[in-house]
Amino acid sequence: MSSSSTNIATPPPEDAWIDTYKKLLPHWKSLALAHQSSIPISISRVNQFDAARLDIEMSAMLKEQLVKVFSLMKPGMLFHYEPELDAFLEFLIWRFSIWVDKPTPGNALMNLRYRDERAMEARAKVRTGLEGPGLTVAQKFWYCVATVGGQYIWSRLQSFSAFRRWGDSEQRPLARRAWILIQRIEGIYKAASFANLLIFLYTGRYRNLIERALRARLVYGTPNMNRAVSFEYMNRQLVWNEFSEMLLLLLPLLNSSTFKNIFFPFSKDKSSSSTEDDTTCPICQASPTTPFLALPCQHRYCYYCLRTRCAAAASFRCSRCSEPVIAMQRHGVVDHKVPSQ
């Protein structure tokens with residue numbers, strides 16, 4: 001009886017399971033959070049590009065206002081200090097936005113802010129786009145060094161090398177090598193920026209190389225916020241900017257005579273062309289020193305005016321009657337025709 005009684009285990013106390021549950025509950029929660037998948041954050045790529053564009057426009061507006069202050073001073077004085085002026089304005093924007101944990105003007109309009117992505121990777125408990133601390137002091141400092149100091153040094157180096165003609169100095173091999181090195185560094189940077197752009201379009205993270213190097217990611221500042229800039233306004237500005245750039249590209253390729261011949265082919269009465277005053281050249285409005293006639297309309301031009309117009313436009317038309325000029329003849333000389341081309 002004694003041996004059998006010793007093999008029977010004493011029952012645990014009634015509150016033992018409660019104590020065990022309390023001890024194991026934190027471990028269960030940690031395991032559940034470790035295996036819990038975080039909601040993927042998708043930040044609009046258009047908003048990030050718009051924020052960068054708005055920051056550039058803000059810097060240009062500040063520069064325009066600052067230049068007006070020195071408008072009464074010596075002309076061209078600010079031209080020599082333009083890199084310093086740009087660096088000063090970029091520093092002001094950085095000092096009163098990123099350094100004090102505030103978004104830049106463009107980021108504020110697009111409801112974006114910078115977040116330290118390294119801290120978020122350590123936590124791995126992201127549920128929305130609002131968690132996570134801002135940039136550290138070191139990240140802010142290196143951001144200023146790269147955006148303000150780096151751009152200023154590179155701009156000054158390029159202007160100095162171009163002014164000293166390092167690329168043309170055959171007598172100084174060291175300057176030539178420095179010029180080649182600068183060009184290679186610029187090419188590598190542009191290639192890396194293009195690769196980063198492709199990665200950004202695919203992932204939506206890090207617009208430029210500086211943000212990728214610092215692991216500074218743009219996320220939404222608040223969950224719900226109306227856009228400060230409407231889509232209609234942005235689309236209108238985009239269309240107008242593209243249209244103006246197209247005009248700036250096409251207008252130098254066209255001349256006024258082409259438009260005049262296209263839109264006003266019947267603006268003058270051809271029957272009265274023979275009675276018009278032919279004492280002046282219709283191009284330079286001066287008396288021709290070497291008069292030539294445009295054939296077949298017989299209107300008188302300066303030789304150089306008519307020759308240059310015919311060489312510039314294969315289908316040049318007379319400025320007086322809009323007739324195609326197929327040949328030119330010296331005034332007062334019979335049967336001495338010169339082809340217009």
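Because the model is predicted, local features need pLDDT of at least 70 and side-chain atom pairs count only at pLDDT 80 or more, while totals for chains, interfaces and linings use all residues. Residues are numbered from 1 along each chain as its sequence is written, and side-chain values use heavy atoms, with hydrogens and water left out.

The protein has 12 helices and six strands; helices (H or I, at least four residues) and strands (E, at least two) are DSSP runs, numbered from the N terminus. Of its 341 residues, 26% count as buried. Buried means under 20% relative accessible area, exposed means over 50%, and partly exposed lies in between (1.4 Å probe, protein chains only). The accessible surface comes to about 23800 Å², and 64% of this surface belongs to carbon and sulfur atoms; the areas come from the Shrake-Rupley method with a 1.4 Å probe, and for residues only the protein chains shown count as cover. Among contacts with a separation of 6 or more, 55% are made by residues 24 or more positions apart, where contact means heavy atoms within 4.5 Å.

Strand S1 (residues 112–116) is mostly covered, with five of its five residues buried. Leu112, Tyr114 and Asp116 lie on one side of S1, Arg113 and Arg115 on the other, and both faces are covered. The partner of S1 is strand S2 (residues 216–220), and the two pair in the antiparallel sense over five bridges; two strands pair if DSSP finds at least two bridges between them. Within this pairing, Tyr114 has Leu218 of S2 as its bridge partner. The loop between helix H9 (209–214) and S2 contains Arg215. This residue has a positive phi of about 55° although it is not a glycine, and at 26% relative accessibility Arg215 counts as partly exposed. As background, most residues other than glycine have a negative phi, and most peptide bonds are trans.

Pro291 has Cys302 of S4 as its bridge partner. The two strands form a hairpin with three residues between them. In the loop between S3 and S4 lies Pro296, and the peptide bond that joins Leu295 and Pro296 is cis, with omega at about 15°. Gln298 is placed in that loop between S3 and S4 as well; Gln298 has a positive phi of about 70° although it is not a glycine, and its relative accessibility of 42% makes it partly exposed.

Helix H12 (residues 303–312) has Cys305, Leu306 and Cys310 as buried residues. These three residues are on the same side of H12 because they cover an arc of only 120° around the axis; the arc is that of the directions from the helix axis to the C-beta atoms. The cover over the buried residues of H12 includes strand S3 (291–295), strand S4 (299–302) and strand S5 (327–330). On the face turned away from the buried side, H12 carries the exposed residues Tyr304, Ala311 and Ala312.

A search of the whole structure finds eight aromatic pairs. Rings of Phe, Tyr and Trp (its six-membered ring) pair if their centres lie within 6.5 Å; planes under 30 degrees apart count as stacked, over 60 as edge-to-face and the rest as tilted. One of the pairs is formed by Phe91 and Trp94, which is tilted, with 5.6 Å centre to centre and 35° between the planes. These two residues are three residues apart in helix H4 (residues 82–95), so about one helical turn separates them. Phe91 is partly exposed at 34% relative accessible area, whereas Trp94 is buried at 9%. A further tilted pair consists of Phe292 and Tyr303, with 4.8 Å centre to centre and 50° between the planes. Because Phe292 lies in strand S3 and Tyr303 in helix H12, this pair ties together parts that are 11 residues apart in sequence. Phe292 is buried, with a relative accessible area of 7%, and Tyr303 is partly exposed at 26%.

Phe91, Trp94 and Trp99 form one aromatic cluster. Lys140 lies over the face of Trp99, at 6.0 Å from the ring centre, and Arg95 lies over the face of Phe96, at 5.6 Å from the ring centre. A charge sits over a ring if NZ of Lys or CZ of Arg is within 6 Å of the ring centre and within 35 degrees of the ring normal.
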